[in-house]
Amino acid sequence: MRLSISTAALLLSFVSLSAQSSHQISATGGDIVFTPIIHASVQVEHAGTVIHVDPWSAGDLSQAKPADLILVTDDPSHHLDPDAIAAVSKPGAPVVLTARAQSRFSDGIVLANGDSGVFAGIQVEAIGAYDMTPSTGAPGLPFHPRGEANGYVVTLGGKRLFFSGVGECVPEIQALENIDVAIMPMNLPVDRMRPIAVAECVKTFKPKIVYLNHYDQPYTRWLTNPQGDPPPDAQNTPGTIRAFSEAIEGEGIEFRDGDWYPPRS
């Protein structure tokens, strides 16, 4: 079946809405509320402050709350989307990103790996997001070189929240301490961050709660050009999520399924 442009747009609106459900954790000054939007895009609220991480127009932003702060982890369009940034930003809201991303969005504030700062009254630390394993497509070079992408640790209501960028379980991640919530990418190629690898990674820094995101690459590619039906789930996404969950049992880490993607049916 081939969808018309209008039908595809309607389907995108439906699937994005169906992917959104909120989760809460208690914190000083009120609950922190997480709303997964799509893939790596998430809205975070606390005491009237709103943060968007990697806002992307493929998700439904019609219900998004205006952001006091935007964090961008990388420069591909599903992480850095100027239209989405414009749609969710309050006037003058800072956009924190990497130097590579700033080459495509000049209004952003660069925060290099290892640096920190206070933006919109919020403490933000930039954590390296990169690969150590050489890419099969470019021998000797990692697919995600060091310094091109960030993860972020954000402090809200006395809680430390870690939004991992895309990459392997690098030493900077393993050295994290006192993380209350971690959002980790999974199902990346070359077995860099497949379920067991992600499970072993979170065991090194033991966040109290962990979410998985960025795990359905075929569906994400379809979202960038939604022609025809969504692709079949060849990677058995439910099975890989289950494998991760089982691998951290008994570790004192709570896994929460964030519903980052709608069902394909």
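The legends below describe close-up views of a predicted model.

Local features are given only at pLDDT of at least 70 and side-chain atom pairs only at pLDDT 80 or more, whereas totals for chains, interfaces and linings use all residues. Residues are numbered from 1 along each chain as its sequence is written, and side-chain values use heavy atoms, with hydrogens and water left out.

View 1. The structure holds one cavity of 30 Å³ or more (a set of points on a 1 Å grid over the protein atoms alone where a 1.4 Å probe fits but cannot get out; lining residues have an atom within 4 Å of a point).

**View 2. The hairpin of β3 and β4.** Strands β3 (residues 41-46) and β4 run antiparallel and are joined by five bridges (strands are DSSP runs of E, at least two residues, numbered from the N terminus; two strands pair if DSSP finds at least two bridges between them). Q43 has H52 in β4 as its bridge partner. Two residues lie between the strands of the hairpin, where A47 takes a positive phi near 50 degrees.

**View 3. Strand β4 beside β5.** Four of the five residues of β4 (residues 49-53) are buried (under 20% relative accessible area, 1.4 Å probe, protein chains only). Three bridges join β4 to the parallel strand β5 (residues 69-71), and V53 stands opposite L71 in β5.

Methods. On a 1 Å grid over the protein atoms alone, a cavity is a set of points where a 1.4 Å probe fits but cannot get out, and a pocket is an open set with protein on both sides within 12 Å along at least five of seven lines; lining residues have an atom within 4 Å of a point. Grid points are joined across faces, edges and corners, and a volume is the space filled by probe spheres set on the points. Buried means under 20% relative accessible area, exposed over 50%, partly exposed in between (1.4 Å probe, protein chains only).
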